[in-house]
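Take a look at the model below. Keep the sequence beside it as you read.

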Amino acid sequence: MEKAVIQLETLSCPSCIQKIENAVKGINGVHQDSLKVLFNASKVKADFDSEIISINEIEKAIENLGYPVVKSKVKPA
């Protein structure tokens with residue numbers, strides 16, 4: 001299990017949080033209980049199993065919703 005902090009461009013509305021949460025929670029390998037979307041900080045925090053999914057795939061799922069990823073940090077959980 002690894003921890004990811006994904007920095008996004010500034011989120012403009014609270015409904016963005018729900019869209020991102022729903023998309024990331026639906027990804028196999030993401031620990032749903034760990035997922036947090038921080039509106040004011042424009043960050044997504046989540047634990048994920050790197051044997052099932054990569055950080056690049058999580059980033060792509062967020063970007064496919066129209067929220068550009070600025071950078072990501074991954075460290076062991």
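This is a predicted model: local features need pLDDT of at least 70, side-chain atom pairs count only at pLDDT 80 or more; totals for chains, interfaces and linings use all residues.

Start with helix H2, which covers residues 55–63. Which of its residues are buried? They are Ile-55, Ile-58, Glu-59 and Ile-62. Look down the axis of H2. The buried residues fall within an arc of 100°, so they line one face of the helix. Now turn to the face directed away from that buried side. Exposed residues sit there, namely Asn-56 and Lys-60.

Which strand gives the most to the positive patch? Strand E4 does, with 3 residues. This strand spans residues 69–76. Lys-73 is placed in E4. Is Lys-73 buried or exposed? Its relative accessible area is 58%. Exposed means over 50%, so Lys-73 counts as exposed.

Finish with strand E2, residues 30–38. Asp-33 lies in this strand. The relative accessible area of Asp-33 is 68%. The same cut-off of over 50% applies, so Asp-33 is exposed too. Now find Asp-47. How far apart are the C-alpha atoms of Asp-33 and Asp-47? They are separated by 8.6 Å. Along the chain, the two residues are 14 residues apart.

Technical notes. Residues are numbered from 1 along each chain as its sequence is written. Side-chain values use heavy atoms; hydrogens and water are left out. Helices (H or I, at least four residues) and strands (E, at least two) are DSSP runs, numbered from the N terminus. Buried means under 20% relative accessible area, exposed over 50%, partly exposed in between (1.4 Å probe, protein chains only). The arc is that of the directions from the helix axis to the C-beta atoms.
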